[in-house]
Amino acid sequence: MRKVCIAVILIFALAVTLGLMLFDLISGDPLNVPATIRAILLAVIAAFILGRISSGKGSGRKDLAGYKKLYEGQLRAAFRDRPKKQAVLLEAIHQFQIRAYSKSEAQLLELLPDCRSKEEYSAVKLFLGAACSKQEKYQDAVKWYQSLLEREPDYSIAWSNLGNVYRKLAQPQEAKLAFEQAVACDQSNSYAYSNLAELYLQQGQPEQALEWGKRALAYDNTYLYAMKLVAAAASVLSDSAQAEAYSRMFLEAGGSSGELQRSIAQFGASSESLKEMLDK
């Protein structure tokens with residue numbers, strides 16, 4: 001609402017300024033050079049600010065409260081009694097969100113010595129692991145996740161993230177154990193189920209992939225990625241009925257046909273009836 005009010009005021013000021021300049025030109029009065037220069041500068045500044053507002057930039061503050069809500073499960077009670085430290089953590093998350101991973105990592109490292117509780121150590125190390133992984137610093141990511149899990153061995157999200165890092169390190173057995181541990185710690189963690197489904201697909205075990213993908217959907221029937229994996233697994237198994245059913249589910253939930261076809265092709269599957277359905 002505040003942005004709208006500012007925009008309206010600026011548009012009005014810009015219109016008045018331009019209107020006065022036009023009136024002076026039409027009336028034929030001698031041109032007041034200093035006043036004209038000031039008017040042009042005002043018009044340029046107003047146009048620039050309006051452009052920033054319309055593009056979503058220059059708002060002054062990031063929506064840190066939005067990050068707090070988005071990552072509520074990961075932040076929990078971290079720095080709840082120290083708002084300034086919590087703001088630093090949220091700022092680091094903001095940098096992570098805008099893909100400034102190196103800056104996010106640096107801010108988190110500065111915050112680490114201020115951690116006191118289990119929740120604070122977990123939140124900082126979880127995002128440190130994620131920031132390192134995004135920079136392909138996989139060994140550092142493993143270090144942070146393992147350090148977190150030493151303090152909190154039943155943290156399902158950390159186990160699932162660690163499994164993904166192991167997979168990128170081409171260590172499928174370690175990845176499988178980490179994903180299974182994630183499931184053991186939290187049986188409602190649909191991400192861990194889908195991670196196992198993808199791992200089994202990559203290892204040429206579509207039966208297990210189909211099973212784990214369906215388990216993911218049992219806990220979250222809106223999970224597009226799991227739908228795609230199940231469709232791919234069924235296609236590898238030449239199970240046209242299931243492949244078409246889950247493909248249709250994926251498309252009706254908002255997934256793209258091209259993305260689904262690429263996923264199925266990635267795992268070496270082919271189904272003429274499925275292709276016909278997708279091409280419609």
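Me: Which helices each supply at least two residues of the lining of the largest pocket?
Reply: Those are α7 (118-134), α9 (156-168) and α11 (190-202). Bear in mind that this is a predicted model.

Me: And which one gives the most to that lining?
Reply: α9, with six residues.

Me: How much space lies in the pocket?
Reply: About 640 Å³.

Me: Which residues lie nearest its centre?
Reply: Ala130, Tyr145, Ile157, Asn161 and Asn164, out of 19 lining residues.

Me: OK, switching to the core. Which residues in the largest nonpolar core touch the most other members?
Reply: Leu75, Leu89, Ile93 and Val124, in a core of 69 residues. Helix α7 gives the most to this core, with nine residues.

Me: What is Val124 in contact with, leaving aside its neighbours within four places in sequence?
Reply: Phe79, Leu89, Leu108, Leu111, Leu112 and Cys115.

Me: Now the rings. How many aromatic pairs are there?
Reply: The structure has six. In one of them, Tyr71 and Phe127 have ring centres 5.2 Å apart and planes at 85°, so that pair counts as edge-to-face.

Me: Where do those two sit in the chain?
Reply: Tyr71 is in the loop between α3 (64-70) and α4 (72-75), while Phe127 is in helix α7.

Me: Are they buried or exposed?
Reply: Both Tyr71 and Phe127 are buried.

Me: Which residues do ring pairs link into a cluster?
Reply: Tyr71, Phe96, Tyr101 and Phe127.

Key:
Residues numbered from 1 in each chain as written. Predicted model: local features only at pLDDT ≥ 70, side-chain atom pairs only at ≥ 80, totals over all residues. Heavy atoms only, no water. 1 Å grid on protein atoms, 1.4 Å probe; cavity = no way out; pocket = protein on both sides within 12 Å on 5 of 7 lines; lining within 4 Å. Points joined across faces, edges and corners; volume = space filled by probe spheres on them. Helix = DSSP H or I, 4+ residues; strand = E, 2+ residues; numbered from the N terminus. Core = buried A, V, L, I, M, F, W, Y, C linked by side-chain atoms within 4.5 Å. Buried < 20%, exposed > 50% of the residue type's maximum accessible area, 1.4 Å probe, protein only. Contact = heavy atoms within 4.5 Å. Phe/Tyr/Trp six-rings, centres within 6.5 Å; stacked < 30°, edge-to-face > 60°.
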